[in-house]
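Hi,

Here is the structure I said I would pass on. Have a look at it first, and then read on for what turned up when I went through it.

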Amino acid sequence: MASYRAPLRDMRFILNEVCQAPEAWAAMPATQALDAGLAEAILEEGARVTGAELFPLNQSGDAEGCRFEGGEVRTPAGFQAAFATLAEGGWFGLGGNPEHDGQGMPKLLTVAFEEMLYATNTGFALYPALNSGATLLLDSHADAATKACYLPRMYAGQWLGTMCLTEPHCGTDLGLIKTRAEPLDEGRYAITGTKIWITGGEHDMAENIVHLVLAKLPDAPAGSRGISLFLVPKFKVDDQGELGERNALSCGGLEHKMGIKGSATCVMNFDGAEGILIGEPHQGLAAMFTMMNYERLSIGIQGLGLGEVAYQSAMDFARERRQSRAPSGPAEPEAAADPILVHPDVRRMALDVRAWNEGGRAFTAFVAGQLDLAKFHPEAAVREEADALVALLTPVAKAFLTDRGFEATVTAQQLYGGNGYCVEWGAEQYVRDARIAMIYEGTNGIQAMDLVGRKLARNRGAYLTRFAAAMRADLAAGGDAEIADFRDAAGQALARLEAVSDGLLARGATDPNELGAAATDYLELLGLVAYAWMWWKMARAARHGLAADGASGEAFYRAKLAVGRYFLSRQLPKTLTLEARIQGGVEPLMHLAEEAFYPVD
Amino acid sequence: MIHGPSAPVGRSLFGLSRQLPKTLTLEARIQGGAGPLMGLAEEAFYPID
C-alpha cells in the first residue's frame, strides 16, 4: 500500500551538512533569527502535520475528486478540515513577509515542507502553492494598503489566492489574451473575460478567493507589452477588510483531468467584476516574473515529492514481495523464494528512483539557497551572482525535476509488476499526478526554449560561465582521494557541457533554429551536470561525516556514497547521448517537409 | 506510408542523428558492470525516517 514518512534524515543532511544552512542563515540579517533548532522543529512538525492530515486523504481525494454543484465547487471529503488545521498552524505563511504576519522562513527551509506537501497529497498541495505565488506577487507589487489588507489574511489561509493567466485560445503566448479591464471610478476596474485552468478558482475551503488576473486596458499596446495585472476578489472587500457583496465572477465548470483530482481546476468567467490594478499599467507580465522563479521551483518539487512517495511505497512492496532466486544462489534458502531486491534489474529500478530523488533534493536546496541569497544577502555582489545562477537554473529546476519525477513514478510503478497497474496500491496515482507537472507552469519544452534563448544565447553564455566557474571552484575545494571518482566525473561532464555550449552558441548565431533544435537535450545535459555537482557535494559531506562521526550515521553516509556511484555509473553517461544529439544540429529536425508530417491514409 | 521524396530520407536522418546515439549511454552503462547495482545493502533500500 502507499507508504510515506518525510525523509527527515536526508533533509537534515542536505540542510546542515551539505548546505551548512545555519551558517548561511546567520550571515543574513533577515534570517538570523532562524537556527538549527528552530529549523528542526519546523521540519518535524511539518512531517507530522502532512503525514497525519494530508496523506490519509490522498487516495480518497483522488477517487472522489472535486464536484461542481450549482456553480459551487466541493472539495473531497476531509479537505476542509485538513485545510483548517494547516491554516491554524500558520503553514500557509511559512515563507511570508513578517511585516504582514508571515513567518519569514527562507526558501532553503520551506522547500522541504513543500516536498512533504506534494508527497503526501499533490491535489491538496496546489491550493497553498498557488497562494504562495499570489502573496509573493502582491508583496512585491501591490501598494501598502492592499498588502496590509490582503497579505495577513492570505498567509492565514482565511483568503486564498489564484493566478488567472490562460484563456481558451492562448496559454504560452499571453500577448494574445482577450480579457479586458475598463476603468471605473476610484481606481477600480471592471474585468471581463474567460480564464481557464485556474487552480483553486472556486472551492469551499476559504472564506474569500483572491484572483490575480491578467487583462488588457483599453489603451494597451498589442502583444505581451500590453498586459496589466489586477486583483479581483470573489467577495468585494471594504477599506477595513470586511467582506461585502459577491463580485461579478463565477466558476463555469471543472476540468476533468488525468490526475490531481483533488485540485479544483476551474473555468472562471469574469463579467465586469470589480478589481484593482496591481503595479503599473501594461507591466503585468513583468510583475508575474517576480514570482515565476519561485513557482517554477515549486512545480519542480512536485516531481521530487511524488518521486519520493513513489519510491517509499515501492520499497514497502519490495520488502514483502518474494519471487524466484538470486542469480548467485538462494539468498534465503529456508523461504520459498528470495526478496525481489536480490535481482539486479529490480535494484536498477529502485536505484534509478532513489538517485533521482536524492540528487533532486540536493539540487532543489541549492536553487532555494540561491533564491535566498538573491533576496536577503546584504552584499550586492553576492545577490547579483545568485540572481544569475537562479536565472540559469530555474528552467532546469522546473523541467528536469518534473521529467525525472515522472520517470521516477513510472519506474516505481514498474517495480510492482501487475500490482502497480491496480488502483489499490497507489502507484498509478503518482504517475497520473506527476504527469501534469511536465505540462503546466510553462511546458518543459518552453522551459528548454527559455534556457537556450534567454538564459544562454541572449547573454552569450555569461550565466553559464558563472555556473561553470562556481562548480569548478567547488570541485577543487576539499574532498579526498576516496571520492576522486565523483570529482573526475563531474569535471568531465562540465567540460562536455562547456564544449557543447560553445558549439551551440556559434551555430545559433547564424541559425536560430539551432537553439530550438537543441533546447530539450541541452536542458537535460545541464540538469545532469548540475546533479553531478550536487553528488560531489553530497559525497564530500558524506566523507566528512564518516571521518567526524557525523549526525546522520555511518550507514547513511555509506548508502549515500553507494547511491552516488550509481548515479555516476548509470545516469550521468546519458551526457554522451545528449552531446551527440545536440551536435547533430538542426538538420535532422527540419529536413522533413511539413506536409510529410501528416498521415495521408 | 511514403509522404513524398524527402520523407524516407528525413526519417532516416532523424533516426540516425537523434535516436541511435542512445547506444552511447547504453554502452557506458553496461560497461559499468554490476557493482553499482549491488553495492547497496538490502536494508539500506528501505526508508528509515
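In β6(A), Leu212(A) is the bridge partner of Met163(A). That bridge belongs to the pairing of β3(A) with strand β6 (residues 208-215) of chain A, which runs in the parallel sense over 6 bridges. Please bear in mind throughout that this is a predicted model.

Next, the charges. Side chains of opposite charge can pair when their charged atoms come close. Over all chains, the structure holds 44 salt bridges.

Arg361(A) and Glu115(A) form a salt bridge in which the closest N and O atoms are 2.7 Å apart. Arg361(A) sits in helix α9 (residues 344-376) of chain A and Glu115(A) in helix α6 (residues 107-141) of chain A, so this pair ties together parts that are 246 residues apart in sequence. Arg361(A) and Glu115(A) are both buried. They also belong to a network of salt bridges that links Asp10(A), Glu115(A), Glu308(A), Arg354(A), Glu358(A), Arg361(A) and Lys560(A).

Lys195(A) and Glu167(A) meet through their side chains in a salt bridge, at 2.9 Å from N to O. This pair links distant parts of the chain, 28 residues apart: Lys195(A) is in strand β5 (residues 188-199) of chain A, and Glu167(A) is in the loop between β3 (159-164) and β4 (180-183) of chain A. Both Lys195(A) and Glu167(A) are buried.

For Glu524(A) and Arg404(A), the side chains meet in a salt bridge with an N to O distance of 3.9 Å. The cut-off for a salt bridge is 4 Å, so this pair is counted as one. Glu524(A) lies in helix α15 (residues 513-547) of chain A and Arg404(A) in helix α10 (residues 380-415) of chain A, so the pair ties together parts 120 residues apart in sequence. Glu524(A) and Arg404(A) are buried too.

On to chain B. Chain B has 3 helices and 0 strands, and from the N terminus on its elements run α-α-α. Of its 49 residues, 29% count as buried.

What does the contact between the chains take from each side? It takes 31 residues from chain B and 49 residues from chain A. The area buried between chain B and chain A is about 3,500 Å², and carbon and sulfur atoms give 61% of that. Between the two chains the count is 1 salt bridge, in which the side chains of Arg18(B) and Asp521(A) meet at 2.7 Å, N to O. There are also 12 residue pairs in polar contact between chain B and chain A, with both residues at pLDDT 80 or more. On the side of chain B that touches chain A, α1 (7-19), α2 (22-31) and α3 (35-38) each supply at least two residues. α1(B) gives the most to that side, with 7 residues. By type, the residues there divide into 18 nonpolar, 8 polar and 5 charged.

Finally, two loop residues in chain A.

- His377(A) is in the loop between α9 and α10 of chain A. Its relative accessibility is 11%, so His377(A) counts as buried. Leaving aside neighbours within four places in sequence, His377(A) is in contact with Met28(A), Asp372(A), Val382(A) and Arg383(A).
- Ser263(A) is in the loop between β10 (249-254) and β11 (265-278) of chain A. Its relative accessible area is 1%, so Ser263(A) is buried. Not counting residues up to four places away in sequence, Ser263(A) touches Cys66(A), Gly123(A), Leu126(A), Tyr127(A), Thr199(A) and Lys257(A).

Over to you.

Cheers

Definitions and conventions: Residues numbered from 1 in each chain as written. Chains lettered and ligands numbered in written order. Predicted model: local features only at pLDDT ≥ 70, side-chain atom pairs only at ≥ 80, totals over all residues. Heavy atoms only, no water. Helix = DSSP H or I, 4+ residues; strand = E, 2+ residues; numbered from the N terminus. Buried < 20%, exposed > 50% of the residue type's maximum accessible area, 1.4 Å probe, protein only. Contact = heavy atoms within 4.5 Å. Buried area = accessible area lost by both parts, 1.4 Å probe. Polar contact = N/O pair within 3.5 Å; in protein donor to acceptor, adjacent residues only side chain to side chain. Nonpolar A, V, L, I, M, F, W, Y, C, P; charged D, E, K, R; others polar. Pairing = 2+ DSSP bridges.
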